[in-house]
Amino acid sequence: MPKKKPSRSAAAPATAFTAYEKEAHRTLRKLLPMASESQELRKKAGFPSRSAEPAFGVDVTFVSRVKMRSLNRKFRGKNSPTDVLSFPALEIFARQGHLGDLVICAPILEEQAKRVGHSAKQELQVLLVHGLLH
């Protein structure tokens with residue numbers, strides 16, 4: 001008996017946000033090397049006064065509106081989707097260079113870009129910086 005192809009809605013949306021994932025990676029590579037070289041940040045994180053490894057890093061995940069609504073409800077008590085959520089790393093991981101995790105809602109990113117009148121790439125950069133500052 002031939003296998004049925006999964007319906008589009010049943011398939012994992014992992015590839016739906018590939019372009020955003022690549023752009024986020026490029027942007028963070030530009031932003032975070034500056035952080036890893038900052039003596040002040042290294043001191044606050046407990047690293048010796050040098051600009052060598054470990055470099056700081058952050059994980060970014062892109063989600064649908066439904067998933068973001070669920071996360072926002074669970075962690076902030078708000079029953080609506082939002083553009084970006086920030087989750088700081090536990091201190092033990094921060095000392096090893098992991099700043100935390102960002103979750104970005106791709107559909108909201110696109111809507112906000114259109115509303116403000118700039119590209120999705122530019123909106124992604126705004127959300128990455130906004131999330132990092134939290």
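Which residues make the nonpolar surface patch of about 330 Å²? In this model, which is a predicted one, the patch is made by Leu-90, Ile-92 and Phe-93. Leu-90 sits in the loop between β2 (84-88) and α4 (91-94), and with a relative accessibility of 58% Leu-90 counts as exposed, because the cut-off for that word is over 50%.

Let me step back to the whole chain for a moment.

Asp-59 and Asp-101 are 42 residues apart along the chain, and yet their C-alpha atoms are separated by 4.7 Å. If we leave aside residues up to four places away in sequence, Asp-59 touches His-98, Gly-100, Asp-101 and Leu-102. Asp-59 is partly exposed, with a relative accessible area of 42%.

Next come the salt bridges, and the count is two. In one of them Arg-65 pairs with Glu-111, with the closest N and O atoms 2.3 Å apart; this pair links distant parts of the chain, since Arg-65 belongs to helix α3 (residues 65-76) and Glu-111 to helix α5 (residues 106-116), 46 residues apart. Arg-65 is partly exposed, with a relative accessible area of 31%, and Glu-111 is also partly exposed, at 39%. The side chains of Glu-91 and Arg-95 meet in a salt bridge too, at 3.1 Å from N to O; here Glu-91 counts as exposed at 54% relative accessibility, whereas Arg-95, at 41%, counts as partly exposed.

Finally, please turn to helix α6, residues 120-133, whose 14 residues reach 20 Å from the first C-alpha to the last, close to the 20 Å expected at 1.5 Å a residue. Which residues of α6 are buried? They are Glu-123, Leu-124, Leu-127, Leu-128 and Gly-131. These residues cover an arc of only 140° around the axis, and therefore they lie on the same side of α6.

Conventions:
Residues numbered from 1 in each chain as written. Predicted model: local features only at pLDDT ≥ 70, side-chain atom pairs only at ≥ 80, totals over all residues. Heavy atoms only, no water. Buried < 20%, exposed > 50% of the residue type's maximum accessible area, 1.4 Å probe, protein only. Contact = heavy atoms within 4.5 Å. Helix = DSSP H or I, 4+ residues; strand = E, 2+ residues; numbered from the N terminus. Expected span 1.5 Å × (residues − 1). Arc of directions from axis to C-beta. Patch = residues over 30% accessible without salt bridge, like charges linked within 9 Å, V, L, I, M, F, W, Y side chains within 5 Å. Areas by Shrake-Rupley, 256 points an atom, 1.4 Å probe, with all protein chains shown as cover. Salt bridge = Lys/Arg side-chain N within 4 Å of Asp/Glu carboxyl O.
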